[in-house]
Amino acid sequence: MQKMDDDSEAVSEWKKLKKTLTVNKPLIPLKLTMLLYYGASSLYLPYLTLQMQQVGLNIQEIAIIYSVLPFVTCIMPPLAGMLADKFNRYKLVLILSVSLAVLFHTLLLHVDARISPENSPVRNVTEIPASVYCGRTGAVLRLGNESCSTSTTEKWLGYWTPSECQPVACTNYQHMRMRLCSPSGNCTQITNKSTSKLEVELVLETFLTDTKGISGECTARILGLRTDQTPLPSALLCNCLIQCPLTLMKSSTPNQEPIDDALSDEMKETDRLKHNRGFWMYFVLRILASSSLATSFSMLDATAITMVKKNDGDLGKQRLFGVIGQAVFAMVAGILLDWTVELQGDPDYSILFYIADGLCVLVVLLVSRLDVDVERLESGNLMSGAKRLIRLIDVDFFMLMMLLLGTCWGFLESFLFVFLMELKANSYLLGMTVTLGCVIGVPFLYISDMIVRKIGSVNVFVIAFLIYCIRFFGYSLIWDPWLCLPFEALEAVTVHMMAVASSMYCAAAAPPGLLATLNGAVGSVHYSFGRGLGSFIGGILMSNYGTRNTFQIFGTAAGFCGLTYFILHRFYLVKIERLRLRRKSERIAEVIASGVEPEDEPEEEEFIIPPDNLLGRRKSCF
């Protein structure tokens, strides 16, 4: 008897090994679809914030767009999922969403909210390098002696990048504080790590004459400094002595003032109208692009879950090809951006967008060849099935955790590259950060199904929160951009394994015919609403507390959420899940024993993954 048991175990192990080594041919088109579409998304998503700055939007307008995006884009994925479930048209909805994402992302490249050179208030200008020295009592302008006698104006137009400021008498760079204070006493803090180029108008105390400093340069005290955020001339104050390079614009035409008031007002009004028109065009297109992209991700996940179940595959192994696509094309993106910088001095993001468009065309062709067998809604009433999901308390908490995890992810996706650019990271490193997270994620995804079934999806979510906590605090402590790579490697857990756990949770909790609906709702909560919420909250915190303090605030919040969810699930939610699964398993056992469906039984929840395979907390997707 013992020998027979040993033989059966050996056969079972051989079957598992054979299944692992065998290529599941029906899933090859799905693997290629994952490879190309996730690769295309790695060319879109990481560079959208930088592309917004390149088209002329400032940090406040970027924050406004990110604050509105979650409320709009979270509608499309569940709505598309409900339509796909209602009419059993997964492939059609997926093809339409991918096509629209390509169209709207390409149109973003043709929006221009920048000030045109021909509309500049100063024509035929010469750039003069200068420096602003700021302290507790005010600021002075200093420029070379050869430029002092060429103009006798009290008003100058210039351009200034706060991130280029350096401490002169500060203890370190971290303690630098700069403010613009109006005559009424209202002060606006300047983020000294902002890489945006600001247009400023300087009002000087006296004409620039032969007054010389120690180094032979002429100086003049700055009475006021005006930007688009401070319409009135304001005093520039710093908590310690800070030196900022500044480029002055001087008319190269003899006897012409650098700023003509009438011409300046007319040109500024033209620029304002052009900028506002560009902002609203980008705003509308970005909403449509993000909605389509979020819908395509949720529909691709629902399609993958359905095909994996039909062909006895592993979801993690399908996502593995998506990670490989992200790694390869993210590295290609970094190389291409560095190449464009060498050629023209600035990164050209349009190349990445057009390559992503070509990949999405191949994705559409592959999706049309997928064999998707959709389970039909048993009750025939989509809304009644959705109400059954809403009444599940554990599913409601699961949706809340997806929102909070999406908030952490959205903050990093929106501002990590901005932070690395402030640390003077090159485009190659930006691509390397994505690639490293993907490469490390490959072995995790290969065994992700086994890990999730072993420790449970909830424990994976808790671990993801704690890893986010480590990542946030780690970023806040680095000064060399290359030191971000160890923390980017942890993305294998916070993004890839968490996504597999989320999809398996949806497959376990969704009644037949409602997989796309639940998966779309989870996708919208995490990738749309959560991402936008993280970007919005992060933008506000960064403008008030600085980048590093914001990372630490997010790290504290992530750790608190993880511990709270672990305690809540351990002592409350797990009892609800076990009770529901036990009732379902007992009902199935009665049917198998009697061979007859019992009558007058209360309606129980249906699951795509049979509850027989979910008994026990450690073997459950929960």
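Colleague: What does the side chain of arginine 548 reach?
Modeller: In this predicted model, the side chain of arginine 548 reaches the backbone oxygen of serine 476, at 3.0 Å.

Colleague: And where is arginine 548?
Modeller: Arginine 548 is in helix α18, which covers residues 547-594.

Colleague: Is arginine 548 buried or exposed?
Modeller: Buried. Its relative accessibility is 3%, and the cut-off for buried is under 20%.

Colleague: Why does cysteine 561 count as buried?
Modeller: Because its relative accessible area is 18%, and buried means under 20%.

Colleague: Different topic. How many salt bridges does the structure hold?
Modeller: Two. One is between arginine 319 and aspartate 301, with the closest N and O atoms 2.9 Å apart. Arginine 319 is in helix α8 (residues 315-344) and aspartate 301 in helix α7 (residues 261-311), so this pair links distant parts of the chain, 18 residues apart.

Colleague: Which residues form the other salt bridge?
Modeller: Arginine 471 and glutamate 488, at 2.8 Å from N to O. Arginine 471 belongs to helix α14 (residues 457-477) and glutamate 488 to helix α15 (residues 485-489), so the pair ties together parts 17 residues apart in sequence.

Colleague: Are arginine 471 and glutamate 488 buried or exposed?
Modeller: Both arginine 471 and glutamate 488 are buried. Arginine 319 and aspartate 301 are buried as well.

Colleague: Now the nonpolar residues. How many residues does the largest nonpolar core have?
Modeller: The largest nonpolar core has 134 residues. Those with the most contacts inside this core are Tyr37, Leu57, Tyr282, Phe461, Tyr468, Phe472 and Tyr475.

Colleague: Which helix gives the most to this core?
Modeller: Helix α11, residues 393-422, with 17 residues.

Colleague: Take tyrosine 468. What is tyrosine 468 in contact with?
Modeller: Setting aside neighbours within four places in sequence, tyrosine 468 is in contact with Leu405, Cys408, Trp409, Leu412, Thr494, Val495 and Ala558.

Colleague: Which residues are in the second core?
Modeller: The second core is separate and has 29 residues, including Leu180, Cys218, Leu225 and Cys238.

Colleague: What about the loop between α16 and α17, what is there?
Modeller: Alanine 510 has its place in that loop, between α16 (491-509) and α17 (515-545). Alanine 510 counts as buried, at 0% relative accessibility. From alanine 510 to valine 395 there are 115 residues in sequence, but the C-alpha to C-alpha distance is 9.7 Å.

Colleague: Last topic, the surface. Which residues make the nonpolar surface patch?
Modeller: Ile75, Met76, Leu79, Leu83 and Phe87 make a nonpolar surface patch of about 480 Å². One of them, leucine 83, is found in helix α5, residues 76-87.

Colleague: Why is leucine 83 called partly exposed?
Modeller: Because its relative accessible area is 44%. Buried is under 20%, exposed is over 50%, and partly exposed is in between.

Notes:
Residues are numbered from 1 along each chain as its sequence is written. This is a predicted model: local features need pLDDT of at least 70, side-chain atom pairs count only at pLDDT 80 or more; totals for chains, interfaces and linings use all residues. Side-chain values use heavy atoms; hydrogens and water are left out. Patches are made of residues with over 30% relative accessible area and no salt bridge: like charges are joined within 9 Å, nonpolar side chains (Val, Leu, Ile, Met, Phe, Trp, Tyr) within 5 Å. Accessible areas come from the Shrake-Rupley method with a 1.4 Å probe; for residues, only the protein chains shown count as cover. A salt bridge is a side-chain nitrogen of Lys or Arg within 4 Å of a carboxyl oxygen of Asp or Glu. Helices (H or I, at least four residues) and strands (E, at least two) are DSSP runs, numbered from the N terminus. Buried means under 20% relative accessible area, exposed over 50%, partly exposed in between (1.4 Å probe, protein chains only). A polar contact is a pair of N or O atoms within 3.5 Å; within protein, one must be able to donate a hydrogen and the other to accept it, and residues adjacent in sequence count only if both atoms are side-chain atoms. A nonpolar core is a set of buried Ala, Val, Leu, Ile, Met, Phe, Trp, Tyr and Cys residues joined through side-chain atoms within 4.5 Å. Contact means heavy atoms within 4.5 Å.
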